[in-house]
Amino acid sequence: MSKIVSIEITHHRLPLDPAFKASWDGRPRKHFDATIVRVRDDEGREGIGSGDLMKGFEGHEDLFIGQDPRHLERHYEVLSHINFHYGRCWPMDLALWDLSGKITGEPVWRMLGGRASRVRLYASSGVLREPSAMADQAERYIDEGFPAMKVRFSSSSGGRGGWREDVKALEAIRARVGDRLELMVDCNQGWRMPWDTTLPWTFKDALAVARELERLGVYWMEEPLYRSDRKGMKELKQATSIRIVGGEMTRELYEFRDIIEERAFDVIQPDVALVGGITGCRRLAYQAREAGVQFTPHSWTNGIGVLANAHLTAGVADAAWLEYPYDNPEWSETRRDYPMASPLKHEAGWLDLGTAPGLGIVLDEERLKATRI
């Protein structure tokens, strides 16, 4: 029986020049941090995870040392208790799945059910560009084979200058590319950065925006109201033909259970690095399918988190596509995946997961040494 013998957590920082000005932040980001979790067994194998900062995990290593890493449900329960008392330590779950795959010799997507070995991607932009520049970016996505693009709206007054200006950017994209690209919109109203005290939209704001998105043939409307307003989300869902989407920062699985039972969203977006890990989120994929709710994870993180969400989506879900954070030059695959020996590469809008055991992660040890905090 394999046993866990050590757990190592390291933090890394990549300087960004030029800076990345995320639509949901407003303040230019001059560095990109990554936390790497390594779980080793008594035969020298290593499982790798990444995502949240692992705050609160220190001092709980003894709850895992000596245990069989393949006892994933047991470890999930312990992590759920740590999540309640301290922070989100779900990257540990990803590392345990990666290690379990290396022990069994199987890729995680196959361990989860093996529905598919690849996922279709939508290009998820992150920068608030001028309308013509947004249209240029949309054309580049089409040239690379992406079937869909997510357009960001301003989260605060520091953006383009309100949702009407955001709609102009959307209009420019639609005028340029026609129906060659499915478009989604992230309204960025579900949560705020700590410094940002801008109030979220009211229901009537969101409904007015929804009418504009209907006119422009938008596929979905993400986080149009504050995260706690499930009743408002459901009313908006009933008032518009646009799919209502959310849940990327939801902390508890039971909140998703309620969202699914109430049919508050058309699409839920749990991220395995932020809620429940792979072990918890696969429950949500099954629940959502039974309720006729679409499931497609949020995955705005580094390539390790993207891979983990992709394995879950390929193995369990039947999502039309998966989020692929990608907005050159500020958010390139090379920047996003700097902890890895080679950045992920999509092929004509598809991510092929292959048959390497576990999650298929290979770290760039020299880069990690150079960026360690």
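**Reading strands and helix packing**

Q: In S5, which residue is the bridge partner of alanine 123?

A: Strands of a sheet pair through backbone hydrogen bonds, in either the parallel or the antiparallel sense. Here, alanine 123 has methionine 149 of S5 as its bridge partner. Strand S4 (residues 118-124) pairs with S5 in the parallel sense over two bridges; two strands count as paired if DSSP finds at least two bridges between them. Helices (H or I, at least four residues) and strands (E, at least two) are DSSP runs, numbered from the N terminus. The model is predicted, with local features requiring pLDDT of at least 70 and side-chain atom pairs counted only at pLDDT 80 or more, whereas totals for chains, interfaces and linings use all residues. Residues are numbered from 1 along each chain as its sequence is written, and side-chain values use heavy atoms, leaving out hydrogens and water.

Q: How many bridges join S5 to strand S6?

A: Five bridges join S5 to S6 (residues 182-186), and the two strands run parallel. One of the paired positions is arginine 152, whose bridge partner in S6 is aspartate 186.

Q: Are the residues of S5 buried or exposed?

A: Buried means under 20% relative accessible area, exposed over 50%, and partly exposed in between (1.4 Å probe, protein chains only). Five of the five residues of S5 (residues 148-152) are buried, so the strand is largely enclosed by the rest of the structure. Ala148, Lys150 and Arg152 cover one side, while Met149 and Val151 lie on the other.

Q: What is the strand order in the open sheet of three strands?

A: The order is S1-S2-S3, with antiparallel pairing. S1 (4-20) and S3 (46-50) stand at the edges with a single partner strand each, so one side of each has no neighbour in the sheet. The twist from one strand to the next averages 20°. S1 is joined to S2 (residues 29-41) by 12 bridges, and leucine 14 has phenylalanine 32 of S2 as its bridge partner.

Q: At what angle do helices H6 and H7 pack?

A: Two packed helices are described by the angle between their axes and the distance between those axes. Axes are lines fitted to C-alpha atoms, for helices over the stretch in contact, and angles run from 0 to 180 degrees between N-to-C directions. H6 (residues 203-215) and H7 (residues 230-239) pack at about 30°, with their axes 11 Å apart. They are therefore roughly parallel, a class for angles under 35 degrees, with over 145 being roughly antiparallel, 65 to 115 roughly perpendicular and the rest oblique.
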